Number of protein chains: 2
Amino acid sequence: MSTQTRRERERAERERAIIAAARDLALAEGWDAVTTRRLAAEIEYSQPVLYSHFKGKDAIMAAVAVEGFAELATTLVTARASVADPRQAVADVAAAYVRFAEQRPALYDAMFTLAVDLPFASSDVPTDLARGFAELAETVRPFAGDGDLEVLTETFWSGLHGLVTLMRSGRLRREGHDRRLAVLVDRFSR
Amino acid sequence: MSTQTRRERERAERERAIIAAARDLALAEGWDAVTTRRLAAEIEYSQPVLYSHFKGKDAIMAAVAVEGFAELATTLVTARASVADPRQAVADVAAAYVRFAEQRPALYDAMFTLAVDLPFASSDVPTDLARGFAELAETVRPFAGDGDLEVLTETFWSGLHGLVTLMRSGRLRREGHDRRLAVLVDRFSR
DNA sequence: TCCAGTTGCTAGCGCCGCTAGATGTAGGAG
DNA sequence: CTCCTACATCTAGCGGCGCTAGCAACTGGA
């Protein structure tokens with residue numbers, strides 16, 4: 001029994017090592033640099049070992065994305081918790097969201113741009129995604145009026161996501177960023 | 001002289017054929033299906049011919065994106081021209097933008113998600129992109145108040161882009177789409 | 001002590017973007 | 001009309017990709 005549990009533990013550790021290596025490599029050099037060969041070398045095992053843990057490269061990226069959703073949720077919770085004024089809360093949460101995306105671009109890509117449909121059908125993404133979404137919802141609730149809170153939240157979220165992605169792809173210049181964010185916050189907190 | 005002009009004409013036609021083949025294939029089967037081998041087969045030339053027209057696959061995608069920017073601009077111009085009421089104009093232009101992205105997902109990807117920095121440094125993208133941007137600006141101008149019109153336009157654009165991309169990647173369910181769009185329009189036309 | 005089952009490896013398949021070097025062709029000079 | 005040069009195009013191949021079949025080695029139980 002004990003050797004078996006040790007094996008299971010070691011196996012779980014190796015799985016975590018794979019995810020960590022993928023994440024680190026993606027953050028350092030972008031997802032193009034994350035190949036199954038490099039990952040295998042990083043964890044000091046051969047390539048096929050990866051496939052005993054994950055169905056394929058997409059599944060590895062999805063696992064990284066899952067971590068990202070948990071972190072994003074925590075980030076938003078923290079940002080909102082430290083403010084009392086509702087308008088300021090919207091501004092702070094929005095800023096925290098954008099900062100999260102800017103500081104971990106590869107992570108944000110895995111969550112929202114790549115790995116299109118993998119994590120949403122199953123596992124614990126819905127939980128962490130819902131945590132983040134709920135936090136956004138609570139932030140804009142004071143300004144929902146008699147409209148649908150969920151719809152408002154989704155639209156606000158889209159605005160943040162659009163700002164992040166358009167700037168990151170160079171379609172928006174970085175300079176006006178703060179002013180754009182201020183406009184978005186203003187339009188969603190009145 | 002005349003044979004030379006004929007050659008130049010034929011060469012230009014072949015270049016157009018490459019772009020058209022890439023676009024058609026991407027729209028039909030997605031950009032993953034667009035490989036240099038398939039493109040070469042499509043235009044009935046060998047692979048290296050592609051590289052006498054374009055620096056690489058990215059440049060071909062960029063050329064497709066350039067076409068897309070021109071079409072998007074035309075779409076927006078048409079949408080705004082047919083409405084008198086300013087509020088309704090915002091709604092119609094927004095709807096036209098989203099419809100454009102939904103009906104040509106692969107084209108929209110080439111313009112905004114893939115080929116990250118290629119077309120923006122040169123060529124005629126700025127022109128067509130500016131045409132589209134100007135149209136958005138004129139649409140929201142009545143609601144700019146004494147704020148910066150450019151910043152407002154960029155933020156509105158980000159909202160549209162966010163709605164499009166989050167829905168296309170499955171992060172937003174399709175059902176609430178119309179209501180989200182209505183919220184965005186409402187928040188930017190008051 | 002031997003056997004069975006698991007674990008990880010080597011090797012390789014079919015694809016990718018891209019390029020070097022060979023080959024054929026067409027236009028101008030003698 | 002012939003030859004020669006220059007250009008257009010092709011064949012073949014490089015290194016790398018995601019992924020997998022099939023073999024070797026180790027481990028735990030009979």
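This is a predicted model: local features need pLDDT of at least 70, side-chain atom pairs count only at pLDDT 80 or more; totals for chains, interfaces and linings use all residues.
Trainee: Turning to DNA strand C, which residues come nearest to it, and which element supplies the largest share of the surface?

Mentor: Of the 16 residues around DNA strand C, those that come nearest are Ser46(A), Thr35(B), Thr36(B), Gly56(B) and Lys57(B). The elements that contribute two or more residues to this surface are α3 (47-53) of chain A and, from chain B, α2 (36-43) and α3 (47-53). By class, the residues near DNA strand C divide into 5 nonpolar, 8 polar and 3 charged. The largest share of that surface, 4 residues, belongs to α3(A).

Trainee: What rotation superposes chain A on chain B, and what kind of axis is that?

Mentor: Two copies of a chain are related by a rotation about an axis and a shift along it. Here chain A is superposed on chain B, with an RMSD of 0.0 Å, by a rotation of 180 degrees with 0.0 Å of shift along its axis. That is the relation of a two-fold axis.

Trainee: Why can one say that the copies meet through the same surface, and which element gives the most to the side of chain A that touches chain B?

Mentor: Of the interface residues of chain A, 100% are also interface residues in chain B, so the copies meet through the same surface. In that interface 30 residues of chain A are in contact with 30 residues of chain B, and the elements of chain A that give two or more residues to its side are α8 (149-168) and α9 (177-187). By class, this side has 12 nonpolar, 11 polar and 7 charged residues. The element that gives the most to it, with 12 residues, is α8(A).

Trainee: Within chain A, how do the axes of helix α5 and α8(A) cross, and is the crossing left-handed or right-handed?

Mentor: The axes of helix α5 (residues 86-103) and α8(A) come within 10 Å and cross at roughly 35 degrees. At the contact, Ala94(A), Tyr97(A), Val98(A) and Ala101(A) in α5(A) meet Leu160(A), Leu163(A) and Val164(A) in α8(A). The residues of this contact divide into 7 nonpolar, no polar and no charged. The crossing of α5(A) and α8(A) is right-handed.

Trainee: How many helices and strands are there in chain A, and what percentage of its residues count as buried?

Mentor: Chain A has 9 helices and 0 strands, and its C-alpha trace spans about 60 × 40 × 25 Å along its principal axes. Among its contacts between residues at least 6 apart in sequence, 65% join residues at least 24 apart. Of the 190 residues of chain A, the share that counts as buried is 38%.

How values were computed:
Residues are numbered from 1 along each chain as its sequence is written. Chains are lettered from A and ligands numbered from 1 in the order in which they are written. A residue is near a molecule or strand if its C-beta atom, placed from the backbone, lies within 6 Å of it. Ala, Val, Leu, Ile, Met, Phe, Trp, Tyr, Cys and Pro count as nonpolar, Asp, Glu, Lys and Arg as charged, and the others, Gly among them, as polar. Copies are superposed by least squares on the C-alpha atoms of residues with pLDDT of at least 70 in both. Two residues are in contact if their C-beta atoms, placed from the backbone, lie within 7 Å. A residue is buried if 20 or more other C-beta atoms lie within 10 Å of its own, exposed if 12 or fewer, and partly exposed in between; C-beta atoms are placed from the backbone. Axes are lines fitted to C-alpha atoms, for helices over the stretch in contact, and angles run from 0 to 180 degrees between N-to-C directions. A crossing is left-handed if the near helix is turned anticlockwise from the far one by less than a right angle, and right-handed if clockwise.
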